[in-house]
Structures are given as structure tokens and as C-alpha cells.
Amino acid sequence: MVMSTVNIFLPSRVAGTNIYLLRFVKGNGEQVTVKVAINGYGTIGKRVADAVSLQDDMEIVGVTKTRPTFEARLAVSKGFDLYVAIPENIPSFEEAGITVKGTLEDLLGICDVVVDCTPGKEGVNNLERYRKFGVKAIFQGGEKHENIGMSFNSLSNYHENLGIDYTRVVSCNTTGLARTIYPLVKEFGVKKVYATMVRRGPDPNNSKKGPVNAIVPVLKVPSHHGPDLKTVIHDLDIDTMAVAVPTTLMHLHCNVVELGREATSEEVIKVWEKTPRVTFVDGGEGIVSTAQIMEMAKDLKRDRSDLNEITVWKDGVHVVGNTLYYYQAIHQESDVVPENVDCIRAMFRLTEDNLGSIEKTNRALGIN
Ligand code: NAD
């Protein structure tokens, strides 16, 4: 059974706010944090591990690697207990002088939830194992919604994930679409969205994939992004197209939205100014491409130069009648990271207030 050691919850106030969080309380009265395992300490996994470590209501109890790479050494040097996802590979860690605590199964024996950050389409293969160990599990956007049964976005469907055992944080692109479109649905109503995703080729650390000198269209319409967004904003009418381009920095979306009523650019900007994890840049100030956005992220001195927020060009927001046109950029390696933290809170009902969780996560990560 999931969470067998914990039986009641106690509200505690977040300092300086009116937010109350529920902490687990064991039978003996001891308050405990949620014990989180990371399976797959790669691009997303290592970021989620750091983000969870910065929260006071959850802790990392271990991370896994398949091979003794530099990331395995990084995990140990950061103080994380390291477990081996493929038991036969334990000797190679020993040969490399990297201390391991045990296997993935050992880790599953001591955690409350596993954040599965294995490569896309591999996570689903672990679902039965997580079930067997009675641990909750969060999967990532590389898995299909149908295989997991639930999807998550902090803003649009936190409430649907309260207390749930298995879910999936939607992909970086879908998270980006949800962040800017959901507040439009709430404020103006949305009749129809047409969105074109200009996708980075691989992540910056990936020297094997392209495209190197081509633009690659997704010939199926809609691309998977539209249907994926409907897993977290159910009644949305959206069509999407996508192309992959030779860049590693960010994705860029060109979006057209038919609003439910006539509006002005200023009204739309005001709505997004109030929206967490959406930030503005200005072409007039010299931020005319994803290159300058990433330079700005370096100047912000966030961990790894990440930019967890979705970036909208303020001077690229145009409304004609009820049709909104805008551009947004997505830092694919980091926008889903705070969502994973909020997702843990929803699954353990640490707070039922999504905005409270978002605020708490943001404060810990230095967002906004
Ligand atoms: P990654 O390749 O950078 O990291 C995956 C990690 O899992 C690696 O450390 C790899 O060694 C490890 N691994 C491989 N097979 C394993 C196994 N069987 N058991 C345990 N670990 C295993 O991948 P990523 O970019 O972090 O992607 C992880 C998930 O996050 C995917 O579903 C992906 O679609 C999704 N995602 C990725 C991005 C992105 O831009 N990188 C953005 C959003 C969501």
C-alpha cells in the first residue's frame, strides 16, 4: 500500500504567508517530509533532485544511474545517495571508485514517491515495478498520457492530481502552452488556438542528434502537442504544427488565439503579468532572439543558467479584434522542474491550493 507508514496530516503555516501546508505525521507523532527518489539522473532528473532538495516538505533519499558517468560522480559529490538502475552494472561503479548504496529496488523500498526521469517511452516500463513496491510515481512528458492515466500542470489541473498515485508532468512544450493559454481561458474565454512549435534539435549536452543543417517539419497535423495540452486543459480547441531546427538553446512558439471576446494587447499583458512562471522580455531592449534570452538567464545567475519561466516577447503581443498573436520561448531543460515539485505536493495533498504550492516552490527556487 502506498504511504503505509504515515497516517495523519497536520497543517503548518509557511512563514510570512497565509499558506498552510499539510505535513505527514507518523503514528508516533513525528512530522516527516515526503521521501523522493529520482530514477534517471539526467537532464531533468538532476534538476528535479536539486529543486526537491530546496523544499522543506520533501527530501531526496536517493537517485539512480545506469552507468558510472560524470553525472554519477556529480550526484555523489552533491551528497545524494546513489543507486544503480541496472544491478549487473554495480561492478563498473566499484571499478570507477564511485560509492553506491544499492539497486533501484533498494531505493524503492525506502521512498514514498519516485520521479521517473528515464528517457522518453522507457518510464512506462517501470510502472508495474513501482506498483509492486507501493510507491507513488511521477512520469515525464516523454511518456504517453494513455499509459499513465493522468497528466499534470501546476496551473491548470493541480486539483485533478490531489492524492493520485500515478501521473505525468506534461512535456516542456505543453507546459509552456498551458502556462500562457490557461489564464486566457479563465479571463477571456478561448474559441480556438493555432500554435506552431519551432523546436530545438537536441539538448545542448547531446552531440549525437540533429538536425545540423536542416529544418524538419512534423508532417502529421495536429502535432502531438495539441492533443497533449488537452490532457491538462480538457475542453480546449487547439491545432498545432511543429518543426525542428538546428539550435539547442530553447523552443519558440508562434501562437494565434481566437479569444472569447475583443481585447487589447495591454489587457492580455496584464493577465500574464499576474500569471506565475510567465515572464516578459522586450525586443526593444535588445532581446530579439533565444540567444539573448539565454544570455539574460546567465546574468540572472540561476543554477545552471536555467530559466524556469516561460518567456513572452512583450512587444510581440498583438491583438486585432478578438485574435491574439504572440511569441513565447521555452527553456526545455528547466520549465518542467518546478512542476514536478508541485506535483509531489498535489499527490500527497501537502496543500490543496495550487497557487500556494507554486508560490512556495518559486520562493525556494528564486523564480519571479
Ligand atoms: P536524459 O537522457 O538527459 O536523462 C535520462 C537519464 O536516465 C540518463 O541519466 C540515463 O542514463 C538514465 N537512464 C536510461 N535508461 C534508464 C533506465 N532503464 N533506468 C534508469 N535510468 C535510465 O533525458 P531527459 O532529457 O532528462 O528526459 C527524461 C524525460 O523527461 C523524458 O520523458 C523526456 O521526454 C522528458 N523531458 C525532457 C525535456 C528535455 O528537454 N530534456 C524536457 C521536458 C521533459
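Because the model is predicted, local features need pLDDT of at least 70 and side-chain atom pairs count only at pLDDT 80 or more, whereas totals for chains, interfaces and linings use all residues.

**The ligand**

Begin by selecting the ligand, which 21 residues surround, where a residue counts as near if one of its heavy atoms lies within 4 Å. The closest of these are Thr-43, Ile-44, Lys-65, Arg-200 and Asp-203. At Ile-44, a backbone N or O atom lies 2.9 Å from an oxygen atom of the ligand, and at Gly-142 a backbone N or O atom lies 3.1 Å from a ligand oxygen atom. At Arg-200, by contrast, a polar side-chain atom is what lies 3.0 Å from an oxygen atom of the ligand.

Two packed helices are described by the angle between their axes and the distance between the axes. Here the axes are lines fitted to C-alpha atoms over the stretch in contact, with angles running from 0 to 180 degrees between N-to-C directions, and helices (H or I, at least four residues) and strands (E, at least two) are DSSP runs numbered from the N terminus.

Select H1 (residues 43-53) together with H11 (residues 337-347), whose axes come within 9 Å and cross at roughly 55 degrees. That angle makes H1 oblique to H11, oblique being what remains once angles under 35 degrees (roughly parallel), over 145 (roughly antiparallel) and 65 to 115 (roughly perpendicular) are set aside. From H1, the contact (heavy atoms within 4.5 Å) is made by Arg-47, Val-48, Ala-51 and Val-52, and from H11 by Val-337, Asn-340, Val-341 and Ile-344. By class, this contact has 6 nonpolar, 1 polar and 1 charged residues, with Ala, Val, Leu, Ile, Met, Phe, Trp, Tyr, Cys and Pro counted as nonpolar, Asp, Glu, Lys and Arg as charged, and the others, Gly among them, as polar.

**H11 against H12**

On the H11 side look for Pro-338, Val-341, Asp-342 and Arg-345, which meet Ser-357, Ile-358, Lys-360, Thr-361 and Leu-365 in H12. This contact of H11 with H12 has 4 nonpolar, 2 polar and 3 charged residues.

**H7 against H9**

Next select H7 (residues 172-187) and H9, which pack at about 115 degrees with their axes 10 Å apart. Thr-180, Pro-183, Leu-184 and Glu-187 in H7 meet Val-268, Val-271 and Trp-272 in H9, and these residues divide into 5 nonpolar, 1 polar and 1 charged.

**Backbone sites**

Most residues other than glycine have a negative phi, and most peptide bonds are trans. Select Gly-210 and Pro-211, which are joined by a cis peptide bond with omega about 10 degrees; Pro-211 is found in the loop between strand E11 (190-200) and strand E12 (216-217). Moving on to Val-221 and Pro-222, the peptide bond is cis with omega near 0 degrees, and Pro-222 is found in the loop between E12 and helix H8 (225-229). Finish at Arg-277, in the loop between H9 (265-273) and strand E15 (278-281), where phi is near 65 degrees, a positive value in a residue other than glycine.

Notes
Residues are numbered from 1 along each chain as its sequence is written. Side-chain values use heavy atoms; hydrogens and water are left out. A polar contact is a pair of N or O atoms within 3.5 Å; within protein, one must be able to donate a hydrogen and the other to accept it, and residues adjacent in sequence count only if both atoms are side-chain atoms.
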